[in-house]
Amino acid sequence: MAILRGGKRIGGFDIRIGIPRDRSLDNVTGDPRLKRTQGGNPESTTGRVLAMVNEAEGFARKARYYVEFNLPSSLGGGMAGPDGTTGSVSSSMTDETYGSFRTSADMNAIHIANGRRVQAFCSAIEMPDREIITKEVRHGNTPARHIAYDFKSAEITATFYADKFLRERSYFEAWQAAAFSTKSYNMNYYKNYVADMRIYQLGQFASRQERDDITYAVQLFDCLPTSISKVDYSHDENTVQTFSVTFKFQYWINFFLDKQGEIELGQSTFNTPTVKQKSGLFGGLLGKLPPELRRAGRDVLNNLRRRVPLGKITGGRAFPPFKLPPLNL
């Protein structure tokens, strides 16, 4: 409620002026509190740690990940050559001799039908490790040096939820069936039963509104599900059925370090809050008036807008040749 207020009717308009009790919102952009440095002392140890956490936009979360599987292009009939190409099947290379391996069309149909379900039902997985193999070399009495001559990675294991049809398990059984035939017990060529796999760490960037952006990614080459775990049943529990798959692979790369993909590193910005600037009529001239007169002027202009249909005459412009901007008085 205003301390003083009064009004006068002039030319059909009610002009009212009052002095408000609270003037804290008269000059929001000039509020000195907006110029203060946000947070505590950034040069302290705690401040530096918090700055690094904020710059990274938080820590990686174990539950924020996604996995992409691809079935191999196993070729049926005769088998592919060592380079992965196929030719016509000779009379001596019969199905009975070499077994019936799934065709590329079969594997593609299985992946289209169940691939996304398998990826979504991956309840746990491991990022691959890497170990540099060294040999200890000593020259004279100097301390030994460890000379790198190879590297290796251990196999990884993934766990999956299973639906009532166990389609997720069948997906990896079909992958294994690309390597061998249960009819002739023959083995397929290497390139026909291996496929690549990708594992993504997910996060959120402050610069975008997407919740699940890729913040880290690796690709595993020439993967093979060497082991599919057994499925246990029991009347003593009624939980969701799960199974695990162990993968062996040739090697893996980091998408960012090996330039296989463009991974944006998160970086937070600590800007002073932006306050909407006031834009009034004719370059903000009315905005420079005292608040009481601004409110009176706003009422007059709003009455003019309602009573005088200038939009029909000027094509939407309130006062030709000027377009009336929004009134933020």
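The model is a prediction, for which local features need pLDDT of at least 70 and side-chain atom pairs count only at pLDDT 80 or more, whereas totals for chains, interfaces and linings use all residues. Residues are numbered from 1 along each chain as its sequence is written, and side-chain values use heavy atoms, with hydrogens and water left out.

Helices (DSSP runs of H or I with at least four residues) and strands (runs of E with at least two) are numbered from the N terminus. Helix 4 covers residues 167–177, and Glu168, Arg169, Tyr171, Phe172, Ala174, Trp175 and Gln176 are buried in it, where buried means under 20% relative accessible area, exposed means over 50%, and partly exposed lies in between, with a 1.4 Å probe and protein chains only. The cover over these buried residues includes helix 3 (104–120) and strand 3 (65–69), together with strand 7 (156–161), strand 8 (195–203), strand 9 (213–228) and strand 10 (242–248). When neighbours within four places in sequence are left aside, Ala174 is in contact (heavy atoms within 4.5 Å) with Arg102, Met107 and Ile110.

Leu166 is found in the loop between strand 7 and helix 4. Although Leu166 is not a glycine, it has a positive phi of about 55°, and its relative accessibility of 22% places it among partly exposed residues. A positive phi, near 55°, also occurs at Asp222, likewise a residue other than glycine. Asp222 lies in strand 9 and is buried, with a relative accessible area of 13%.

Phe221 is found in strand 9 as well, and with a relative accessible area of 16% it is buried. Apart from neighbours within four places in sequence, Phe221 is in contact with Asp196, Phe249, Gln250, Tyr251 and Ile253. Phe221 and Asp196 are 25 residues apart in sequence, while their C-alpha atoms are 4.7 Å apart in space.

In helix 3, Gln119 is buried, with a relative accessible area of 10%. Its side chain is joined to that of Tyr66 by a polar contact of 2.9 Å, a term for a pair of N or O atoms within 3.5 Å in which, within protein, one must be able to donate a hydrogen and the other to accept it, and for which residues adjacent in sequence count only if both atoms are side-chain atoms. A polar atom of the Gln119 side chain also lies 3.0 Å from the backbone nitrogen of Phe69. Beyond neighbours within four places in sequence, the contacts of Gln119 are with Tyr66, Val67, Glu68, Phe69 and His111.

Tyr161, in strand 7, counts as partly exposed at 41% relative accessibility. Turning to the cysteines, Cys122 is buried, with a relative accessible area of 5%, and Cys223 counts as buried at 0% relative accessibility. A disulfide is a covalent bond between the sulfur atoms of two cysteines. When a disulfide is taken as a pair of cysteine sulfur atoms within 2.5 Å, the count comes to 0 disulfides.
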